[in-house]
Amino acid sequence: MLLGILKCDHVREHLRPRFGDYPDMFQALLTEADPGLRFRVYDAENGELPGALDECNAYLLTGSRWGVYDDHGWIDALSGFLRRAHVAGTRIVGICFGHQLLAEALGGRAEKSDRGWGSGVAGTQMCQTRAWMEPALDELSLIVSHQDQVTEMPPGAECLGGSEFCPYAVMSIGDNVLSFQGHPEFSHELSRALIEMREDTLGPEVAAAGYASLATPTQERTVAAWIVRFLRDGT
């Protein structure tokens, strides 16, 4: 399987020597789950998109510092590509910004949340299971780093998991779209570095809660296995 990574931003420059960029992290995570995967990276933030839907078997959208509502031409172009891909039944996975953009592009809504920042490790209560969720989890813990959230799912979407803080944290549409608000590609060390970078923005209480949450184990390898099974089977 050839997976196209639609890169929507860079990891901050001062963090890249330690942690790599988004494509590096996703390739490491998903190759561990499926060594047979191959990858092609598209710099979507700079207008690079596949020339045809079938250039890759499936696509993955990364996180981004941008909001889906920001007035950037590349976001509009990427949204159009996602709509075409969805109509064609192409399998797509979205992470954080990618999760939000799929919702917005396909008729839902994502916006800045009045609940504030999600940072550190967050728990999501899984409310539905699918055949590709093996092993199934009642609660999923992942690293998060976001202000924006999906506030309205698109037509035909189903919520697979959520929480009081983030009601639509895992979403699917049919057998070809899957998205997560959390970051399975992030490590606890990267999360700590992001909290340190944003301490003034987060405020002392949110930052302290974020640091404390990093003692919680996460299930990124389980999510990687889910993603691979979804992309290969989609049922």
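Modeller: Happy to; I will start with the ring pairs and then turn to the backbone and a helix contact. Please keep in mind that this is a predicted model.

The count of aromatic pairs comes to six. Take Trp74 and Phe97 to begin with: their ring centres are 5.9 Å apart and their planes meet at 40°, which falls between the 30 and 60 degree cut-offs, so this pair is tilted. Trp74 belongs to helix α3 (residues 73–88) and Phe97 to helix α4 (residues 97–105), so the pair links distant parts of the chain, 23 residues apart. Trp74 has 12% relative accessibility, and because buried means under 20%, Trp74 counts as buried. Phe97, at 1% relative accessibility, counts as buried too.

Trp132 and Phe230 make an aromatic pair with another geometry: the centres are 5.4 Å apart and the planes are at 75°, which is edge-to-face. Trp132 sits in the loop between β6 (118–126) and β7 (139–146), while Phe230 sits in helix α8 (residues 220–233), so this pair ties together parts that are 98 residues apart in sequence. Both Trp132 and Phe230 are buried. Elsewhere, Tyr42, Tyr59 and Phe81 are linked into a cluster by ring pairs.

Now for the backbone. The loop between β6 and β7 that holds Trp132 also holds Pro135. The peptide bond from Glu134 to Pro135 is cis, and its omega is near 5°. Cys96 lies in the loop between β4 (91–95) and α4, and α4 is the helix that contains Phe97. The phi of Cys96 is near 55°, a positive value in a residue other than glycine. Cys96 is buried as well, since its relative accessible area is 5%. As background to both backbone features, most residues other than glycine have a negative phi, and most peptide bonds are trans.

Last, the helix contact. Helix α5 (residues 188–197) and helix α7 (residues 204–213) pack with their axes 10 Å apart, at an angle of about 170°. Angles over 145 degrees count as roughly antiparallel, and α5 and α7 are therefore roughly antiparallel to each other. On the α5 side, Arg192, Ile195 and Glu196 meet Ala207, Gly210 and Tyr211 of α7. By class, three of the residues in this contact are nonpolar, one is polar and two are charged.

Note on methods
Residues numbered from 1 in each chain as written. Predicted model: local features only at pLDDT ≥ 70, side-chain atom pairs only at ≥ 80, totals over all residues. Heavy atoms only, no water. Phe/Tyr/Trp six-rings, centres within 6.5 Å; stacked < 30°, edge-to-face > 60°. Helix = DSSP H or I, 4+ residues; strand = E, 2+ residues; numbered from the N terminus. Buried < 20%, exposed > 50% of the residue type's maximum accessible area, 1.4 Å probe, protein only. Axes fitted to C-alpha atoms, helices over the stretch in contact; angles between N-to-C directions. Parallel < 35°, antiparallel > 145°, perpendicular 65-115°, else oblique. Contact = heavy atoms within 4.5 Å. Nonpolar A, V, L, I, M, F, W, Y, C, P; charged D, E, K, R; others polar.
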